[in-house]
Amino acid sequence: MTVPRVGSRREQILATAAALFAKHGFHGVSIAELGAAVGISGPALYRHFPGKEALLAELLVDISERLEAGGRERAAGSAGSPREVLEALVDFHVAFALREPELIVVQDRDLDNLPDADRRRVRRLQRTYVEIWVDTLQRLHPGLDAERARTAAHATFGLLNSTPHSGSRAAPEEVAALLRAMALASFRAL
C-alpha cells in the first residue's frame with residue numbers, strides 16, 4: 001500500500017485508516033497493521049489517537065461536519081435562484097463523492113462501530129445536511145412536502161454515493177458530468 005502524501009502524521013494516519021477501513025472493514029484492520037502502513041509501530045499510534053474507535057470517530061465526524069458546513073455555505077453563499085443553489089449542492093456532493101470514496105464506504109459499513117455519542121453526532125450532522133437539501137428543493141418546487149423532498153434528497157445521495165462501487169474507469173471529469181446530469185434530472189421529476 002502506498003502511504004498518502006498529506007501534511008501531518010495525524011493526517012497521514014487518518015488518510016491511511018480511511019483507505020484500510022474501506023478495503024478491509026473496521027474490524028479487519030489491526031492497530032499493528034495500521035501502524036505498519038504509515039511506517040510506525042502500532043503502539044505509536046496511541047500518541048495520536050486513544051484507540052481505533054477514536055480514529056474512526058474522527059474520520060466520520062469530520063466528514064459529516066465538512067458536508068454540513070459545505071452545504072450551509074452553498075445554500076447561504078448563493079444569492080441566486082433555488083435552481084442555482086441546488087446545482088451548487090449537487091456539484092459539491094459530486095466532488096465529495098469522487099474525492100473521498102473511501103469515506104463513503106467506511107460510513108456505510110462502519111457507522112455502527114462508533115461509540116454512541118459519536119454516532120448520534122454524525123447522525124445529527126447528516127440530518128442537518130439533508131434538511132439543507134430539503135429546504136432548497138421546497139423553494140425550487142413550492143408546494144413540495146418535506147417528506148417527498150427528503151426522499152428525493154436521500155435517493156440522490158444514493159446515486160452520488162454509489163461511485164465507490166461503480167468500478168468506472170472513465171475520467172473523473174466524465175463521471176462528474178454524468179452524475180451531475182443524472183442528479184439534476186432526477187429533481188425534475190418532482
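Trainee: Does S64 count as buried or exposed?

Mentor: This is a predicted model, in which local features need pLDDT of at least 70, side-chain atom pairs count only at pLDDT 80 or more, and totals for chains, interfaces and linings use all residues. Residues are numbered from 1 along each chain as its sequence is written, while side-chain values use heavy atoms, with hydrogens and water left out. S64 lies in helix α3 (helices, H or I with at least four residues, and strands, E with at least two, are DSSP runs numbered from the N terminus). Buried means under 20% relative accessible area, exposed over 50% and partly exposed in between, using a 1.4 Å probe and protein chains only, so S64, at 4% relative accessibility, counts as buried.

Trainee: Nice! Which residues does S64 touch, not counting those up to four places away in sequence?

Mentor: A contact needs heavy atoms within 4.5 Å. Beyond the residues up to four places away, S64 touches V122, L125 and Q126.

Trainee: How far apart in space are L103 and A19, C-alpha to C-alpha?

Mentor: L103 lies in helix α5 and is buried, with a relative accessible area of 6%. Leaving aside neighbours within four places in sequence, its contacts are A18, L59, L60, I63 and R66. L103 and A19 are 84 residues apart in sequence, yet their C-alpha distance is 8.1 Å.

Trainee: Which residues have the most contacts inside the largest nonpolar core?

Mentor: Such a core is a set of buried Ala, Val, Leu, Ile, Met, Phe, Trp, Tyr and Cys residues joined through side-chain atoms within 4.5 Å. The largest one has 58 residues, and those with the most contacts inside it are F21, L55, L59, L86, V90 and W133.

Trainee: Which helices do the buried residues of α4 pack against?

Mentor: The buried residues of α4 include V85, L86, L89 and V90. V90 touches W133, R180, A183, L184 and F187, residues up to four places away in sequence not being counted. As a group, the buried residues of α4 pack against α3, α5, α6, α7 and α8.

Trainee: Which helix gives the most to the lining of the largest pocket?

Mentor: On a 1 Å grid over the protein atoms alone, a pocket is an open set of points where a 1.4 Å probe fits, with protein on both sides within 12 Å along at least five of seven lines; lining residues have an atom within 4 Å of a point. The largest pocket is lined by 21 residues, with L67, Q107, Q126, F157 and N161 nearest its centre. With seven residues, the helix giving the most to this lining is α6.
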